[in-house]
Structure formats: structure tokens, C-alpha cells
Amino acid sequence: MLLTITTTHRPATDLGFLLMKHPDNVHSVELSFGTATLFYPEATEERCTAAITLSVDPVELVRGKGRIEDQYVNDRPYAASSLLSVALARLLGTAMGGRSRHRQDLAEQPIPLEARITPLPARGAADLLASLFEPLGYAVQAEPTPLDPAHPEWGDSSYVALTLRGRVRLAALLTHLFVLVPVLDNDKHYYVGEAEVEKLLRKGAGWLETHPARELIVRRYLRGLGGLVRKARSQLDESVEAEEAEEHARRDAAEDVIEKPIRLNDQRMDRVVALIRELGAMSVLDLGCGEGRLLRELLKLPGLGRITGVEVAPRVLAGAGDRLKLDHMPDIKRRRIELLQGSLVYRDDRLKGFDAAAVIEVIEHMEAERLPAFEAAIFGHARPGAVIVTTPNRDYNALFENMAPDALRHPDHRFEWSRAEFRHWAESVALAHGYGVRFEGIGTEDPVHGCPTQLAVFTRAEDAKVAA
């Protein structure tokens, strides 16, 4: 079994500092079932590769406390599995934790990385690899392994050589592999108990909670043990709750106090609904739907046959369902609307195929470093025909009474852009993903500070050409 990790970050030899393993040395660690060894087949300023081999002693594996169902004929000494996860934790535990003694600033940054594992069991549907790794931002390449190169007519085995490429933190890559390799194998060499739930939650923190394939990952990682799966699911649901309902309402109230005198939220809803009507959309995504204000207005449009609201927090999503009275809605109306729990920074096939998407007062709640993932997921992967984005205009904040200089309108806002900053971001996204973009303001326009809300309408370039 071989795992290689390569970077072209300059200087590439900084990979040694991140892994806490010097490129000039060979590093080995003894495990209960064999030996894990790390060495560097190449280490230059332009390109550096760390290779990890895992030599498994089948006799020690059988003598151990693991659960090898067939002790005499199995692939455990040769294929990547939970054995590799144990080796990674022992050999690269510090790097997996995101710590670096001499390059901590680099450990916290995304860098270009390529990981290759061979042979890797991929038990399940052919698209399983993509469904697990693409939402995390990786380009996925899987080369099937023939049953016997000498007999190509026998076809391919259930093993692949997997290559992942992406710009991610090294700690994130190692953690993703730690969790997802056993998921792909759909087995473990050791007893799965309560401790596995805690391990899954710890290693999955920050990405598993809202992964589109979360249910499959949890089920396979915990070997389908119902009690453990339910416990993990419950704790993951709790971890994605941004805030309790009372706190959520209190924070929104703070923004409402500022904007309510000019009915800004009502004006936003009215303009977005009008734009969706003008676009002729028949299917619409409300990304970050919150309590469902826009969804309620969209249901009033007779031409919309498919309306989908997406929200990361299950309790907020459930609250939207209650406010919309979904349980009491007539069947013909209920079939038009769907609520999905999901993240806007993960590639999610459920979000494909829509005529339009609305992202209303959402992006300013994201950490700035998460915006590239959002752009890739929505504009690069889901690719709705049109995307409507609104966000506060920071220039206008000077005109709000009782608002301190440099303050933000909402306690949960991570940033608020000036008109120039918003235009620069939107034009960059449009250029990168093949969209055209135009801008509007919402609310009464001030000759100096502009409108209180700024809006961008992205239209997919190929659709614009067809319309022309």
C-alpha cells in the first residue's frame, strides 16, 4: 500500500516542516500490525513528495485484537483501509492536528496538494469517490486496477488508484483521508464502539456536519451500528446549530432596528421576486433560506413549479417549515416546495439543474476564506441559469442613525463590502465561471453613499447568448 503527498508550493520543501519529518531522513513507526515508513522520493524547491508505505504483518494482524473475518485469505496486508488511518494518526498526528513547530502560519493556509493512494478499495457505486471528495474541493481521478494485467478480458477489480488534487490545508487533507479511506473500504479491522463516535466527531469537525454524503459517511464509518449512528447523527445536528432560536431572533432584531424604518427587508423581497419573474425562472433555489421569508413570497408566483430552500442549521430549517405550514399545505402546493439541509460551501448535486438561485443577505455571514469554496460550489458546480446576490452596502452605513463608525449591521456579519469591493468580487466570480453580471441598488439612493443594499444579477454566459 502506497500513499504519496505532493506539493508545488514554493519552497516545496516546506512540506517537511508541515509533516514534521525531515526530507533527508527515513522515518518509521512500529504498529501492532506492522510498520509505517515515510520517505521523500523527491524534494526540490519546485516540487516535494512524501511517500508513506505500510507493511502489514498478516500473522500479527490475526493475533491482534482486531476483527478479521477471514484470517487466511484477505486483502488487509495490501489495500488501503482502516490500517492506513491508524498509521497516519501515529506517523503524522501533529500534522493532522494542524500544528507545525516552524511553519505554523503555513499550516493554517491552503496550499496546492496532490494525494495518491494505491490500491484503494472502492466498495459501492462508481461515483462514490466523487460524492465523497468533490464536495470538499478536490479534483478526483480514479484509475481502475485490472484483476490481472495479463488477462485484460477478466475486467477490472474493485480497487482503484485514487488521485486527489486541491488547494487545501495539509491538516484537512490528512483528516479527510483518515475518515474517508475506511468509509470507502466499508470495513474496519478493529472493534467499533462508543469511542468511534467521539473520534468521528473530532476528526469530522468543521466539514462532516454539512457534507452532502454525511449519512453514508456516518453509517459506513460506524459499520451501520444503529445506536452509534443515531448518536453521531444527533450530535452532528447539534454542532451545526449556529445559535439557539432566541439568540437567532435577538441578533436579527438588532439588524431590523437599523433597517426597519426604511422597510429595507420588504424592498429586498419585492425586488428579488420581481427579478425571478423577469428571468422567467420555473425552478428556484433559496440558498440560506433562514426562516423562509423569500420562500413564502415565491410560493405566490404561479409559474414556479420547483422551489427549494437550503439552510445549514436543522432547527432553523425546521422553523422555516413550521412558518410555511408545510404539514397543512394542500398537496398540489406542497409538491412545489422542498427544504434541504446543506452547506453552501460544499459541492452538492442536489443543487444542480435550477433556473435561478437567490443568495439574499448570506455571503456577509461567511468567513472570507470560505468564499472561494462557496463560489466553486454554486457558480462552478451547481451552475444555476442565474444567481441573484444581495449584501449590505457598507458605504451607506454612515447614514443610519445610532450606528457607530465602522460597526456592522448584524452581530454575525463577518464583513460588509463597499460598492467598489462588491463590484470587484462579483466581476471576478463572473469572469472565472462564465457568467455575465449586472448591478442594482435596493432602497432610496443617496448621491454620495449609494443604496443601502447592493444587488448583483449573474447570468450564465451560454444562456445569455441563446437569449440574444
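In this predicted model, Arg271 and Glu278 form a salt bridge, with their closest N and O atoms 3.2 Å apart.

Across the whole structure, a search finds 24 salt bridges. One of them joins the side chains of Arg165 and Glu114, at 2.9 Å from N to O. This pair links distant parts of the chain, since Arg165 lies in strand β7 (residues 156-168) and Glu114 in strand β5 (residues 111-121), 51 residues apart. Arg165 is partly exposed, at 36% relative accessibility.

A further salt bridge connects Lys231 and Glu194, at 2.7 Å from N to O. Here the link runs between helices, from Lys231 in α10 (residues 226-239) to Glu194 in α8 (residues 194-203), 37 residues apart. Lys231 is partly exposed, with a relative accessible area of 36%, and Glu194 is also partly exposed, at 48%.

Helix α14 (residues 314-324) shows the packing of buried positions. Its buried residues are Val316, Leu317, Gly319, Ala320, Gly321 and Leu324, and they pack against α13 (293-298), β9 (306-311) and β10 (337-341). Just after the helix, Lys325 adopts a positive phi of about 55 degrees.

These elements belong to a chain with 18 helices and 14 strands. Of its 468 residues, 49% are buried. Among contacts between residues at least 6 apart in sequence, 73% join residues at least 24 apart. The chain exposes about 22,000 Å², of which carbon and sulfur atoms supply 52%.

Terms used: Residues are numbered from 1 along each chain as its sequence is written. This is a predicted model: local features need pLDDT of at least 70, side-chain atom pairs count only at pLDDT 80 or more; totals for chains, interfaces and linings use all residues. Side-chain values use heavy atoms; hydrogens and water are left out. Helices (H or I, at least four residues) and strands (E, at least two) are DSSP runs, numbered from the N terminus. Buried means under 20% relative accessible area, exposed over 50%, partly exposed in between (1.4 Å probe, protein chains only). Contact means heavy atoms within 4.5 Å. Accessible areas come from the Shrake-Rupley method with a 1.4 Å probe; for residues, only the protein chains shown count as cover. A salt bridge is a side-chain nitrogen of Lys or Arg within 4 Å of a carboxyl oxygen of Asp or Glu.
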